[in-house]
Amino acid sequence: AAAVLGYLDPDNFLGGSMDLDLDAARRGIAEQIAAPLDLPLWRAAAGILSVMVAGTTGALRQVTVERGRDLREYSLLAFGGAGPLFVPLIGREVGARQVVVPHNPAVFSAWGMLGTDVVEDVGRTVLAPLVPEAGSALDEVFAELCDRADERVRAQCSSDAELRTERLVELRYAGQEHALAVELEDGAVDPTRLAERFGELHRRLYGHQLPNAVQVLAARATVRAVLAFPAIPEAEVGDDPERARRAGRNAFDFAAGAMVPFACYDRTLLRAGERLVGPAVIEEATTVTVLQSDQCLEVDRLGHLVIGAHRG
């Protein structure tokens, strides 16, 4: 559908390393959707994207609007190979404050993995009452768990990495099915203090405490090696986006509801501070960013594309 609507260049997909059969795409939509529904080809292809946007928008509203969060106060991050093509449509539908297309969006997750801390989490089921004499037993359990997590982390990073340790005890009232995780304070385990903190957490989350005995369900230790995140270089500043312009093509504009001429740009030639107004397609080797005619974008200082509504 994206190819039929003109968003993808069949001769420049994946930087020209893979050919798209545009005729086959057209035949498939024409035979399977357009003809049975008596629709023009472009209308059927646009309907496919509209259904996708509606489904994704519904899921997005479940985790935002239905929880009292106003999407107009949030930005959407468009990453992955397909994200920059579809997320601006979704942001437009839900009224998000802006859509951000990061630098190299197709490898955004992998890049994030390179910059994340090394973390090892180990645990053990304990299932014992939280009584005063349980402290020494829990100290022994945590000593073993912390050693195991520490050893695993040190095997993955340099010896001078900063390590941080977190100890959690999963507690519940006797007779309950679900547990709450309470972080231990530094030093030896104090069962009396731990029970008090569990009661305070239970009251804060559920509005009450119970007179029931407290039960230990499990012990968990997390050791984190804090790594330096790779530096993000600032993009070169420019004031002439026309240098990045390529030959345009017709594509479907959801704002106009019709096939219209779209400008095409090479993202690698865009510079910080430059601004584009849709309808436009911004192409790079592993993805395309699509702007409708009621959207615009600006390249920020790190080279990210920041998309918002165009009211001009």
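Phe 229 comes out as partly exposed, with a relative accessible area of 43%. The model in question is a predicted one, and this residue is a handy place to start. Phe 229 sits in the loop between S6 and strand S7 (245-253). Together with Trp 111 and Ile 232, Phe 229 makes up a nonpolar patch on the surface, and the three share about 270 Å² of accessible area.

Next, the charged pairs. The structure holds 20 salt bridges. One of them is between the side chains of Arg 92 and Asp 294, at 2.9 Å from N to O. This pair ties together distant parts of the chain: Arg 92 belongs to helix H3 (residues 83-94), while Asp 294 is in the loop between strand S11 (287-291) and strand S12 (295-299), 202 residues apart. Arg 92 is partly exposed, with a relative accessible area of 29%, and Asp 294 also counts as partly exposed, at 26% relative accessibility.

Another salt bridge joins Arg 301 and Glu 234 through their side chains, at 2.8 Å from N to O. Here, too, distant parts of the chain are linked: Arg 301 is in the loop between S12 and S13, Glu 234 is in the loop between S6 and S7, and the two are 67 residues apart. Both Arg 301 and Glu 234 are exposed. Elsewhere, salt bridges with shared partners join Glu 185, Arg 193, Glu 196 and Arg 197 into one network.

A further salt bridge pairs Arg 164 with Glu 162, with the closest N and O atoms 3.0 Å apart. Arg 164 is partly exposed, at a relative accessible area of 47%, and Glu 162 counts as partly exposed at 41% relative accessibility.

Arg 164 also turns up among the contacts of Thr 222. Thr 222 has its place in strand S6. With a relative accessible area of 11%, Thr 222 is buried, because the cut-off for that class is under 20%. Leaving aside neighbours within four places in sequence, Thr 222 is in contact with Val 119, Glu 120, Asp 121, Arg 164, Thr 165 and Glu 166. With one of these, Asp 121, the contact is also polar: the side chains of Thr 222 and Asp 121 come to 2.4 Å.

Strand S6 (214-226) is likewise part of what covers the buried residues of H6, as are helix H5 (135-154), strand S4 (162-173) and strand S5 (180-183). Helix H6 covers residues 191-206, and its length checks out: at 1.5 Å a residue, its 16 residues should span 22 Å, and the end C-alpha atoms are 22 Å apart, so the two values agree. The buried residues of H6 are Pro 191, Leu 194, Arg 197, Phe 198, Gly 199, Leu 201 and His 202. An α-helix has 3.6 residues a turn, so residues three or four places apart point the same way. Arg 197, listed among the buried residues of H6, is also a member of the salt-bridge network with Glu 185, Arg 193 and Glu 196.

The two ends of H6 have their own details. At the start of H6, a side-chain oxygen of Asp 190 reaches to within 3.2 Å of the backbone nitrogen of Thr 192. Just after H6, Gly 207 takes a positive phi of about 85 degrees.

Some other backbone angles deserve a mention. Asp 38 has a positive phi of about 55 degrees although it is not a glycine. Asp 38 is in the loop between helix H1 (22-37) and helix H2 (41-62), and is exposed, with a relative accessible area of 70%. Asn 104, also a residue other than glycine, has a positive phi near 50 degrees. Asn 104 is in the loop between strand S2 (98-101) and helix H4 (108-115), and counts as partly exposed at 42% relative accessibility. As for peptide bonds, the one from Gly 278 to Pro 279 is cis, with omega near 5 degrees. Pro 279 is found in the loop between strand S9 (275-277) and strand S10 (280-284).

Finally, Arg 311 lies in the segment after strand S13 (305-309). At 76% relative accessibility, Arg 311 counts as exposed.

Technical notes. Residues numbered from 1 in each chain as written. Predicted model: local features only at pLDDT ≥ 70, side-chain atom pairs only at ≥ 80, totals over all residues. Heavy atoms only, no water. Helix = DSSP H or I, 4+ residues; strand = E, 2+ residues; numbered from the N terminus. Expected span 1.5 Å × (residues − 1). Buried < 20%, exposed > 50% of the residue type's maximum accessible area, 1.4 Å probe, protein only. Contact = heavy atoms within 4.5 Å. Polar contact = N/O pair within 3.5 Å; in protein donor to acceptor, adjacent residues only side chain to side chain. Patch = residues over 30% accessible without salt bridge, like charges linked within 9 Å, V, L, I, M, F, W, Y side chains within 5 Å. Areas by Shrake-Rupley, 256 points an atom, 1.4 Å probe, with all protein chains shown as cover. Salt bridge = Lys/Arg side-chain N within 4 Å of Asp/Glu carboxyl O.
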